[in-house]
Every structure is written in C-alpha cells, then in structure tokens.
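Please keep the sequence and the 3D view open while reading.

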Amino acid sequence: MVFLYETRYFYGCWHFYEVRYFYVAGFYGISKMIMRGRLSGVQRMRLGKLLDMLYKPSELAEEIGFSYRQVSRVYILLGCPFVQQNGFIFINGRAFADWYEMTYPRQTLKSDEVFCLTCRKAVKIISYDTKKVGRLSYLVCSCSVCGRKISRIIDKEKR
Ligand SMILES: [Zn+2]
C-alpha cells in the first residue's frame, strides 16, 4: 500500500490530499467508502450552485441543507479546505464542492451488484424478483451477506 500526500493552493485555500493506491491483488482491492457526511441526491445537486466565494459554515450548511455542526465535526476533520480569518472559519463554495466530489466518489455498481446500506458496500445479486411501478422497473433481492432486503431501479421507460 502506498500513501501519497499532496498539497495544493487554489481558490484561496490550501488543499491536503491523501491519495491512496491499493495493490489490485490481496486484501486491499477495495478502499473503504466514507459514509459519514455523505450527502443525499438532492443535497449533492445543490453543490452545483455554490459560488467561488467564502461562506461561513452556517451559510454553507443552509445552502446545502445539513447542520452547521456537520462542517466542523465531519468535513473539517476529513480535510475539507477552509481559511481562518480573525479566528473564524470560512469555506470557499467551489472548493468545497470539488473537495466533496473527490472525497465521496459516486458509487459505481456493476450490473450484477446492488449497494447494501447495512454492509455499506456493493454486494453480488444472487437471486431477485422484478417489480414494476408505473414506468419504473426495479429488482428486489436480499443482500447475500446480511440478508437485508434491497431494491434497485433497473429500467426507466421513456415517455
Ligand atoms: Zn448487507
């Protein structure tokens, strides 16, 4: 396993990257996904309207829709870029959005996998049923590890 620490300055903030490379073979094939502080789909979409300007943690929290404590208790601890002025913390909106996308990569699932929220990882589909509600088709299966019931949208019919 190789750890590489990289520091860059842009958007008026220092960024500290911890880039981890894992050997493909062996136990380190999959890095553990960060779940804490992960945004919902709607919150993630709101990242797009953040501007290249400094926000107070409370303003950032209001724009995206999370508690301002989440900024100091989760994001700052995870290395979110920020500046300190007169003892107050400010966060550049665009820098935060970019940092978020890098820190919380979108989960890409293979066609034979579903994401289990209990196991917090992608698991193989062993057997499944298909259901259809309106124009949405989805499959319902049980997690092959913990047994949790999982559904996944498999097809959205076009109008
Ligand atoms: Zn599971």
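Which residues does Phe96 touch, not counting residues up to four places away in sequence? Phe96 touches Leu50, Leu60, Cys80 and Ile91, where a contact means that the C-beta atoms of two residues, placed from the backbone, lie within 7 Å. The model is a predicted one, in which local features need pLDDT of at least 70, side-chain atom pairs count only at pLDDT 80 or more, and totals for chains, interfaces and linings use all residues. Residues are numbered from 1 along each chain as its sequence is written.

**Overall make-up**

- From the N terminus on, the order of elements is β-β-α-β-α-α-β-β-α-β-β-β-β-β.
- Of the 159 residues in the chain, 15% are buried. A residue is buried if 20 or more other C-beta atoms lie within 10 Å of its own, exposed if 12 or fewer, and partly exposed in between, with C-beta atoms placed from the backbone.
- Among the contacts in the chain with a separation of 6 or more, 42% join residues 24 or more positions apart.

- Three strands form an open sheet in the order 3-5-4, with antiparallel pairing; two strands pair if DSSP finds at least two bridges between them.
- Strand 3 (54-55) and strand 4 (83-85) are the edge strands, and each pairs on one side only.
- Strand 3 and strand 5 are paired in the antiparallel sense over two bridges, and Leu54 has Asn92 of strand 5 as its bridge partner.
- Strand 4 pairs with strand 5 (residues 88-92) over three bridges, also in the antiparallel sense. Val83 stands opposite Phe90 in strand 5.
- The hairpin of strand 4 and strand 5 has two residues between the strands, and Asn86 takes a positive phi near 55 degrees there.

**Helix 4**

- Helix 4 (residues 93-103) lies across strand 3 and strand 5 and runs at about 70 degrees to strand 5. Axes here are lines fitted to C-alpha atoms, for helices over the stretch in contact, and angles run from 0 to 180 degrees between N-to-C directions.
- Gly93, Ala95, Phe96, Trp99 and Tyr100 are the buried residues of helix 4. They lie on the same side of helix 4 because they cover an arc of only 155 degrees around the axis, the arc being that of the directions from the helix axis to the C-beta atoms.
- Glu101 and Met102 are exposed, on the face of helix 4 turned away from its buried side.
- Phe96 belongs to helix 4 and counts as buried because 23 other C-beta atoms lie within 10 Å.
- Phe96 and Tyr55 are 41 residues apart in sequence, while their C-alpha atoms are 9.9 Å apart in space.

- Pro57, Leu60 and Ile64 are buried in helix 2. Their arc around the axis is only 65 degrees, so they sit on the same side of helix 2.
- Ser58 and Glu62 are exposed on the other side of helix 2.
- Helix 1 (41-46), strand 3, helix 3, strand 5 and helix 4 are the elements against which the buried residues of helix 2 pack.
- Ser40 is in the loop between strand 2 (13-21) and helix 1. Ser40 counts as exposed because it has 11 C-beta neighbours inside 10 Å.
- Ser40 and Gly65 are 25 residues apart in sequence and 9.8 Å apart in space, C-alpha to C-alpha.

**Nonpolar cores**

- The largest nonpolar core has 13 residues, of which Leu60, Cys80, Ile91, Phe96 and Trp99 touch the most other members. A nonpolar core is a set of buried Ala, Val, Leu, Ile, Met, Phe, Trp, Tyr and Cys residues joined through C-beta atoms within 7 Å.
- Helix 2 (57-64), helix 3 (69-75) and helix 4 are the elements that give two or more residues to this core.
- Helix 4 supplies the largest share of this core, four residues.
- Another core, of six residues, lies apart from it, and includes Val114, Cys141, Cys143 and Ile150.
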